[in-house]
Amino acid sequence: MSAPALRDMQARFWRALHEGDVERELAAVVVPSPTLDPAARVGIYQGMYVWRLCEVLREDFPKLAAALGDDFQELA
């Protein structure tokens, strides 16, 4: 059996980040850890994706973030 195309895996990973479902084909190529199955490992990225984007926006717009305070997170 040949390895899946990188483009296909990237698309599946992107859908997992945005839709929340880890497709069977993606889970098949993610190696489980001693404590997490493949879907849970992808889930770490799902949870952190939005937070990382907000962090980048906060770095790019520090004055706006300071002015908005806690509301910046909701805006982002």
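Author: A residue is called buried when its relative accessible area is under 20%, and exposed when that area is over 50%, with partly exposed in between. One thing to keep in mind as we go: this model is predicted.

Reader: Thanks, that helps. Why is R12 called buried?

Author: The relative accessible area of R12 is 18%. The cut-off is under 20%, so R12 counts as buried.

Reader: Where does R12 lie, and which residues does it touch beyond those up to four places away in sequence?

Author: R12 belongs to helix α1, which covers residues 6–19. Setting aside residues up to four places away, R12 touches E23, E25 and L26.

Reader: Now to Y45. Why is Y45 called exposed?

Author: Y45 has a relative accessible area of 53%. Y45 sits in helix α3, residues 38–60.

Reader: What makes Y49 partly exposed?

Author: The relative accessibility of Y49 is 23%. A buried residue would have to be under 20% and an exposed one over 50%, so Y49 falls in between and counts as partly exposed. Y49 is also in helix α3. Apart from residues up to four places away in sequence, Y49 touches W14, L17 and H18.

Reader: And what about D71: why does it count as partly exposed?

Author: D71 comes in at 49%. Exposed requires over 50%, so D71 stays in the partly exposed class. You will find D71 in helix α5, residues 71–75.

Reader: Where does G20 lie, and what makes it partly exposed?

Author: G20 lies in the loop between α1 and α2, where α2 is residues 24–29. The relative accessibility of G20 is 41%. Buried needs under 20% and exposed needs over 50%, so G20 counts as partly exposed. G20 touches R15 and Q46, once residues up to four places away in sequence are left out.

Reader: Let's step back to the whole chain. How many helices and strands does the protein have?

Author: There are 5 helices and 0 strands. Read from the N terminus, the elements run α-α-α-α-α.

Reader: How do you know that the protein is more spread out than a compact globule?

Author: Its radius of gyration is 16 Å, while the globule rule gives 11 Å for 76 residues. The value is well over the rule, so the protein is more spread out than a compact globule. Along the principal axes, the C-alpha atoms fill a box of roughly 55 × 30 × 20 Å.

Reader: What share of the 76 residues is buried?

Author: Buried residues come to 14% of them. The protein exposes about 6000 Å², and 59% of that is supplied by carbon and sulfur atoms.

Reader: Which residues make up the largest nonpolar core, and what makes them a core?

Author: The 5 residues are M9, A16, L26, V30 and V42. Such a core needs buried nonpolar residues joined through side-chain atoms within 4.5 Å. In soluble globular proteins, nonpolar side chains tend to be buried together. As for V30, it is in contact with P38, R41 and V42 when neighbours within four places in sequence are left aside.

Reader: Lastly, how many positive and negative side chains are there?

Author: The protein has 8 positive and 12 negative side chains, and the centres of the two sets lie 7 Å apart.

Conventions. Residues numbered from 1 in each chain as written. Predicted model: local features only at pLDDT ≥ 70, side-chain atom pairs only at ≥ 80, totals over all residues. Heavy atoms only, no water. Helix = DSSP H or I, 4+ residues; strand = E, 2+ residues; numbered from the N terminus. Rg over C-alpha atoms; globule rule 2.2 N^0.38 Å. Buried < 20%, exposed > 50% of the residue type's maximum accessible area, 1.4 Å probe, protein only. Areas by Shrake-Rupley, 256 points an atom, 1.4 Å probe, with all protein chains shown as cover. Lys, Arg positive; Asp, Glu negative; His and termini not counted. Charge placed at Lys NZ, Arg CZ, Asp CG, Glu CD. Contact = heavy atoms within 4.5 Å.
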